[in-house]
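Subject: Structure for your review

Dear colleague,

Please find below the structure that I am handing over to you. My findings follow it, and I would ask you to read them with the model open.

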Amino acid sequence: INSPNVISTIKSTRFGFIPSLRRDEYRSAYRCYLTGGVSLPVVAPRFTSMRLVRAGMYVRDGKGRDETWLRDGIEAMGLGEAVGEPQEYVIAVEEDSDERAGFGRLCVHADESTVCELTHIGVHQSWRDQGIGAHIIERLLTKAGDAGVETAYILTDEPGYPTQLGFERVDDLPTPLADRRRKKAAGGDDEVVGLAIDIDDF
C-alpha cells in the first residue's frame with residue numbers, strides 16, 4: 001500500500017467514504033482487499049459522491065454451487081435468460097452471514113477476444129442502495145483488465161447508473177454488440193443503448 005493512511009482509513013471505516021484516495025493508492029489497496037489483506041472494501045474516487053459500500057461485503061468468482069441461485073436471481077430480476085457458466089460470474093457475498101447479495105457476468109466474445117461485455121448485473125432488493133452494484137462492476141472491470149482487455153461495454157436501457165461510474169455512451173459498437181442491440185430493438189426493447197469505458201482510465 002503506497003500510503004499508510006489508506007489501510008488505517010479502510011479499517012476504521014464502517015460506512016463511509018475515502019474522498020482523497022489517489023488512483024495508484026486505490027488500485028493498490030483494492031488489490032490487497034481482493035487477496036484478503038484488508039477486511040473492508042474500498043471506495044473508488046469516482047464513487048465517493050454516489051453510494052456507500054457496505055462493510056463486510058466482498059466479491060468472489062462464481063462457483064458451480066452458485067448455478068441454481070444465479071438462474072433464480074436472473075429470472076426474478078427480469079434480466080433475461082441465464083447464460084454462461086457460473087465461473088463467468090462474480091458474486092457479492094456478505095462476510096458474516098455468507099449471504100449472496102448480487103452478481104454480474106463478464107462475457108468476452110469468442111469471435112472477437114478484445115470485445116468484453118458486462119451483462120446480467122443485479123443486486124437483490126434487500127441489499128440495494130449500499131454500493132454493492134458498483135463493487136460488482138468494479139470487480140468485473142478488474143478481471144477484464146487482468147485478461148488484457150482495454151475497453152468494456154454494457155448494453156442497457158437504464159444508462160444512468162453505469163454513467164455515474166464513468167461509462168460513456170457509444171453509437172459505434174463492435175459487431176457482436178451491434179448485432180445484439182439490433183435484436184433487442186427488433187424484440188421491442190428499442191431504448192437499449194451501448195456504453196463503454198476505457199479500463200485503464202477507470
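**The aromatic pair**

Trp-69 and Phe-103 are both buried. Please keep in mind throughout that this is a predicted model. The two residues form an aromatic pair of the edge-to-face kind, with 5.7 Å from centre to centre and 90° between the planes. A search of the whole structure finds one aromatic pair, namely that of Trp-69 and Phe-103. Trp-69 belongs to helix α3 (residues 67–76) and Phe-103 to strand β3, so the pair ties together parts that are 34 residues apart in sequence.

**The nonpolar core**

The largest nonpolar core holds 27 residues. Those that touch the most other members are Cys-116, Leu-118, Ile-132, Ile-136, Leu-141, Ala-152 and Phe-167. At least two residues of this core come from each of β1 (57–61), β2, β3, β4, α4 (132–146), β5 (151–156) and β7 (193–198). The largest share, seven residues, is supplied by α4.

Leaving aside residues up to four places away in sequence, Ile-132 touches Met-57, Ala-92, Ala-101, Val-123 and Trp-127.

**The largest pocket**

The volume of the largest pocket is about 1100 Å³. Its lining consists of 37 residues, and the closest to the centre of the pocket are Leu-79, Ile-121, Gly-122, Thr-156 and Glu-158. Two or more lining residues are given by each of β3, β4, α4, β5, α5 (160–164) and α6 (175–186). Strand β4 provides the largest share of this lining, with seven residues. By class, the lining of the largest pocket divides into 14 nonpolar, 12 polar and 11 charged residues.

**The cavities**

How many cavities of 30 Å³ or more are there? The count comes to two. I describe here the second largest cavity, which contains about 50 Å³ of space. Glu-67, Leu-70, Arg-71, Ile-74, Ala-82, Val-83, Gly-84, Pro-86 and Tyr-89 line this second largest cavity. Helix α3 gives the largest share of that lining, four residues. Sorted by class, the lining of the second largest cavity has six nonpolar residues, one polar residue and two charged residues.

**Two residues with positive phi**

Finally, I would draw your attention to two backbone angles. Asp-98 has a positive phi of about 65°, although Asp-98 is not a glycine. This residue sits in the loop between β2 (89–94) and β3 (100–108). Is Asp-98 buried or exposed? Its relative accessibility is 52%, so Asp-98 counts as exposed, the cut-off for that class being over 50%.

His-120 is likewise not a glycine, and its phi is positive at about 50°. His-120 is placed in strand β4 (residues 116–123). With a relative accessible area of 14%, His-120 is buried, since that class takes in residues under 20%. To set the two side by side, Asp-98 is an exposed residue in a loop, whereas His-120 is a buried residue in a strand.

Yours sincerely,

A colleague

How values were computed:
Residues numbered from 1 in each chain as written. Predicted model: local features only at pLDDT ≥ 70, side-chain atom pairs only at ≥ 80, totals over all residues. Heavy atoms only, no water. Buried < 20%, exposed > 50% of the residue type's maximum accessible area, 1.4 Å probe, protein only. Core = buried A, V, L, I, M, F, W, Y, C linked by side-chain atoms within 4.5 Å. Contact = heavy atoms within 4.5 Å. Phe/Tyr/Trp six-rings, centres within 6.5 Å; stacked < 30°, edge-to-face > 60°. 1 Å grid on protein atoms, 1.4 Å probe; cavity = no way out; pocket = protein on both sides within 12 Å on 5 of 7 lines; lining within 4 Å. Points joined across faces, edges and corners; volume = space filled by probe spheres on them. Nonpolar A, V, L, I, M, F, W, Y, C, P; charged D, E, K, R; others polar.
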